[in-house]
Amino acid sequence: MKRTGAGILIATAAIAVAGGFLVNQLLTATGRATFTPLITLPVLLVALGAIVVALAIPVWRASRGHTRAPINPFRAVRIAMLAKASSLLGAASVGFSGGLVVFLLTRPVVPPLGSMATQLATLVAGLLLVAAGLVAEYLCTIRKDDDDEQPGGVDPGFGAHSH
């Protein structure tokens, strides 16, 4: 599994910015109020980030030899995939809330502080989730062993004797 790159995170955020802006554009075009996320959304995003990192720590400890308890490799892969999904969700949250903020800032009327505060909190929480996902993904990586240089772990000098 490849680590999550900046390119996919930036692309996800860029698409989500357009989505957030378009949602508010369509809502106001139909005479409805703009979309404002609930205050619980940033709280949940931060909680998810903390949970993902907490789940990744035992994998890191087992892979570095800090504990004798074995770790199930399937569990480690699931946690790594959760970390990857979390960073993508964080990027989407950053982009979508960024699109909502851009929409409000491009209006001739100054938006109320209450609607901006929740959207900015969601943006910051999304950034924290991206960071937590990337940290957790790093914690789930396995150290490169000495025998990883040769395929199959075979020593090139094995069986060769110099006389």
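Let me begin with Thr118, which lies in helix H4; helices here (H or I, at least four residues) and strands (E, at least two) are DSSP runs, numbered from the N terminus. This is a predicted model, in which local features need pLDDT of at least 70 and side-chain atom pairs count only at pLDDT 80 or more, while totals for chains, interfaces and linings use all residues. Residues are numbered from 1 along each chain as its sequence is written, and side-chain values use heavy atoms, with hydrogens and water left out.

Is Thr118 buried or exposed? Its relative accessibility is 10%, so Thr118 counts as buried; buried means under 20% relative accessible area, exposed over 50%, and partly exposed in between, with a 1.4 Å probe and protein chains only. Leaving out residues up to four places away in sequence, Thr118 touches Thr36, Pro37, Leu38, Ile39 and Pro42, where contact means heavy atoms within 4.5 Å. Between Thr118 and Pro37 there are 81 residues of separation in sequence, yet their C-alpha atoms are 6.5 Å apart in space.

Now the chain as a whole. The protein chain has 4 helices and 0 strands, and along the sequence its pattern reads α-α-α-α. Of its 163 residues, 32% count as buried. Among the contacts in the protein chain with a separation of 6 or more, 82% are between residues 24 or more positions apart.

I turn to helix H1, residues 6-29. With 24 residues at 1.5 Å a residue, H1 should span 34 Å, and its end C-alpha atoms are 34 Å apart, which agrees; the expected span is 1.5 Å times one less than the number of residues. Which residues of H1 are buried? They are Leu9, Thr12, Ala13, Ala16, Gly20, Asn24 and Leu27. Their cover includes helix H3 (73-105) and helix H4 (113-139). After H1 comes Gly31, with a positive phi near 85 degrees.

Past that point, in the loop between H1 and helix H2 (40-63), we find Phe35. Phe35 has a relative accessible area of 35%, and is therefore partly exposed. Beyond its neighbours up to four places away in sequence, Phe35 touches Val23, Asn24, Leu27, Phe96, Leu100 and Gln119. Phe35 and Phe21 are 14 residues apart in sequence, with their C-alpha atoms 10.0 Å apart in space.

Next, helix H3. At the start of H3, a side-chain oxygen of Asn72 comes within 2.9 Å of the backbone nitrogen of Phe74.

Two serines of H3 deserve a moment. Ser87 lies in H3 and counts as buried because its relative accessibility is 0%. Apart from residues up to four places away in sequence, Ser87 touches Thr4, Leu9, Leu129, Val130, Gly133 and Leu134. Ser97 is also placed in helix H3, and Ser97 is buried, with a relative accessible area of 1%. Neighbours within four places aside, Ser97 is in contact with Gln119, Thr122 and Leu123. The side chain of Ser97 reaches the backbone nitrogen of Leu123 at 3.4 Å.

Finally, the packing of the helices. H1 and H3 pack at about 40 degrees with axes 6 Å apart; axes are lines fitted to C-alpha atoms, for helices over the stretch in contact, and angles run from 0 to 180 degrees between N-to-C directions. H1 and H3 are therefore oblique to each other, given that angles under 35 degrees count as roughly parallel, over 145 as roughly antiparallel, 65 to 115 as roughly perpendicular and the rest as oblique. H1 passes H3 in a right-handed crossing; a crossing is right-handed if the near helix is turned clockwise from the far one by less than a right angle, and left-handed if anticlockwise.

The axes of H3 and H4 come within 7 Å and cross at roughly 160 degrees. That makes H3 roughly antiparallel to H4, and their crossing is left-handed.

How do H2 and H4 lie, and at what angle do they cross? Their axes come within 8 Å and cross at roughly 10 degrees, so H2 and H4 are roughly parallel to each other. The residues making this contact include Leu41, Pro42, Leu45 and Val46 of H2, and Thr118, Ala121, Thr122 and Ala125 of H4.

Definitions and conventions. Polar contact = N/O pair within 3.5 Å; in protein donor to acceptor, adjacent residues only side chain to side chain.
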